[in-house]
Amino acid sequence: MASEVAPPAHGDPHAKLRLSALIGVLGVVYGDIGTSPLYALQASLSYFSHGTLQEADILGVLSLITWALIITVTFKYVTFIMRADNNGEGGTLSLMALASRVARSARTRNVLGLIGIIGAGLFFGDGVITPAISILSAVEGITVVSPETAHLVLPISLFVIVLLFLVQRHGTGSVGRAFGPIMVVWFIVLGALGLVQIIHAPFVLTAINPYYGLDFIIRHDTLAFVTLGAVVLAVTGAEALYADMSHFGKRPIRISWLFFVLPCLLLNYYGQGALVILNPANADNPFYKLAPHILQVPLILLSTMATVIASQAVITGAFSVSRMCIQLGLLPRMEVRHTSSMEQGQIYVPQINTILAVGVVLLVLTFRSSNALASAYGIAVTGTFLCDNALAAFVYRRQFGWTRIAVIAVFGSIGIADFAFFAANSLKFFEGGWVPLAIGCTIILIMTTWRRGRGLIMARWTQDSLPLNSFLARLPQSRIVRVPGTAVFMTGNLDFVPNALLHNLKHNKVLHEQVFFVTVRNLDVPLAAPETRVKTEEASFGIYKITLNYGFMESPNVPRELESLNGTGIDFKPMQASYFLGRETVVPASVPKLRFIRRWLFLFMSRNAIPATEFFRIPSDRVVELGVRIAV
């Protein structure tokens, strides 16, 4: 996830804990889970009518929410999964890269890759639903203050959503600095509102006893299972603790959760429960009814700001995951704009922003209320939980050397809870649960199609290409004229001659005095170490093989790295360099290796991917493009 605050030395467990880091964590990491009290308990109690809702039922639901927070967030993510970091980086794709690194066979790596792709696909589904349900639930507070304003909920929500996506192009640095303090106020208000109500019914605190949750499950059987699908709303955003780990480090995230966020959330949930116990009619919107009438309007404004912050964190996270997918070869090249000269994580991806905006608006217009959207929310979140759990279990077994029994005992028990949540949400498939699955499956289809298509192109290119060693062996005996200047040939494989060079020789019959064969290699680490960024090998007189290494959280800049070669025995003059690229035109083969839908999709993505010159930051006035037709 993209962050607005990145304290120094976050990877050092002994580094001094800064107050700014603790505040920054609240604004970026806990925005999503921090706004869950707006709708989680309300949705969980919606399966009961006011006449049938009993005190034991309320205590049972509160107990389930309490232990969902403890097991899923505290036990699973804070205690275990956050230990499995990829050089300080977290998130499903980062965990996939870490697991693949310790896999012992290609088949295992393929399975792990598929799990990572599924997790990424479901994340995008979550990214569309979170802004819609969060902002709708906040704006719906106006109906508590004035019921006759219900018709304004939809237009106000749409206005806030459109404005939120419009400001993305300007970057979130300045807004981000305000996120933390606002969320500090938000969590204090959550705890205070809950505490005031708990004082009137202190016995509600007995719900911390898991007995009430088990009793609820035993008494209600099927209904209890269905209710789990709403209880999981209390832990949406739990994956952000792991995904945003690189921006703040483990200590601020863990300390903020254990000593501030979790207590405030529990106080608010228990306060809502106490309010409903005293008057079951309050179950229709227990959050806003916690506040005195005079404070409800300020609470609505604060809630709206909090939900915008939660949505912002998801949106910037979608930008970061998109760039990660591009670098890992799971998505075609897209425009990535850096909105800050100081923070690498602050990026803007126009195509993703547009897709998210359209998706969120369509969801709001279709479902029209947060209660209706609650049915669509859980599947994406619980699916991501399952993916993270499976990948973490593999890492603990292979990298940390845990015994099979230990892995099964810890991650097996967690997996049972995750699967129970997922199965409960699956019951709501036709009520809206199909939405995140449809989004996730579409993303998965796109990613697997792109990876398969690029693999076929590389295989075809390798088959038809001339080995570089053969070319260099014949070069001294050839009559090729060497002309002044530097030619840079971008290639995907340094062992073969780029087609652009062969085409250039065929038509221009010259070779530059200095030739660079440059390949960009994406590593399975977040950031490439500076000393490993550029690797150079002289293949022949004046001809160099250059590898540029980038992590999956970095954006390549080829000219900048080539300039760094000066002083290493290589003379690179940027204004005298020409970049030769082969512009691929992908066409259907006579015997296609991709089925119709995948072939059409791959051709569409290939035609709409941004040019390599733009993606690699190559000056357009120094580029020579030579067309190459490739059939798939």
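Helices (H or I, at least four residues) and strands (E, at least two) are DSSP runs, numbered from the N terminus. This is a predicted model, in which local features need pLDDT of at least 70, side-chain atom pairs count only at pLDDT 80 or more, and totals for chains, interfaces and linings use all residues. Residues are numbered from 1 along each chain as its sequence is written, and side-chain values use heavy atoms, with hydrogens and water left out.

**View 1. The second largest pocket and its lining.** On a 1 Å grid over the protein atoms alone, a pocket is an open set of points with protein on both sides within 12 Å along at least five of seven lines, while a cavity is a set of points where a 1.4 Å probe fits but cannot get out; lining residues have an atom within 4 Å of a point. Grid points are joined across faces, edges and corners, and a volume is the space filled by probe spheres set on the points. The volume of the second largest pocket is about 740 Å³. Its lining has 27 residues, and Ile352, Ile355, Thr442, Ile443 and Ile446 lie nearest the centre. Two or more lining residues come from each of helix H6 (106-139), helix H17 (350-367), helix H20 (434-464) and helix H24 (596-608). H17 gives the most, with nine residues. By class, 21 of the lining residues are nonpolar, five polar and one charged; here Ala, Val, Leu, Ile, Met, Phe, Trp, Tyr, Cys and Pro count as nonpolar, Asp, Glu, Lys and Arg as charged, and the others, Gly among them, as polar.

**View 2. The largest cavity.** A search of the whole structure finds three cavities of 30 Å³ or more. The largest cavity has a volume of about 180 Å³. It is lined by 17 residues, of which Gly91, Thr92, Phe123, Ala243 and Val321 are the closest to its centre. Helix H5 (92-101), H6, helix H12 (239-243), H16 and helix H18 (370-398) each give two or more residues to this lining. The lining of the largest cavity comprises eight nonpolar, six polar and three charged residues.

**View 3. Helix H6 against helix H16.** The axes of H6 and H16 (residues 293-327) come within 8 Å and cross at roughly 170°. H6 is therefore roughly antiparallel to H16. Axes are lines fitted to C-alpha atoms, for helices over the stretch in contact, and angles run from 0 to 180 degrees between N-to-C directions. Angles under 35 degrees count as roughly parallel, over 145 as roughly antiparallel, 65 to 115 as roughly perpendicular and the rest as oblique. Residues of H6 that meet H16 include Phe123, Phe124 and Asp126, and those of H16 include Ile300, Val314 and Val321. The contact (heavy atoms within 4.5 Å) has 10 nonpolar, nine polar and one charged residues.

**View 4. Helix H18 against helix H20.** The axes of H18 and H20 come within 6 Å and cross at roughly 45°, so the two helices are oblique to each other. Ala376, Ile379 and Ala380 of H18 make the contact with Val435, Pro436 and Leu437 of H20. Six residues of this contact are nonpolar, with no polar and no charged ones.

**View 5. Arg368 and Arg617 in their loops.** Most residues other than glycine have a negative phi. Arg368, in the loop between H17 and H18, has a positive phi of about 70°. Arg617, in the loop between helix H25 (612-615) and strand E8 (623-631), has a positive phi of about 65°.

**View 6. Val520 in strand E4 (residues 510-522).** Leaving aside neighbours within four places in sequence, Val520 is in contact with Met490, Leu548, Tyr550, Pro556, Val558 and Phe616. Val520 and Val558 are 38 residues apart in sequence and 8.4 Å apart in space, C-alpha to C-alpha.

View 7. Over residues 1-15, pLDDT stays under 50. Where pLDDT is low, the predicted coordinates should not be read in detail.

Terms used
pLDDT is the predictor's confidence in each residue, from 0 to 100.
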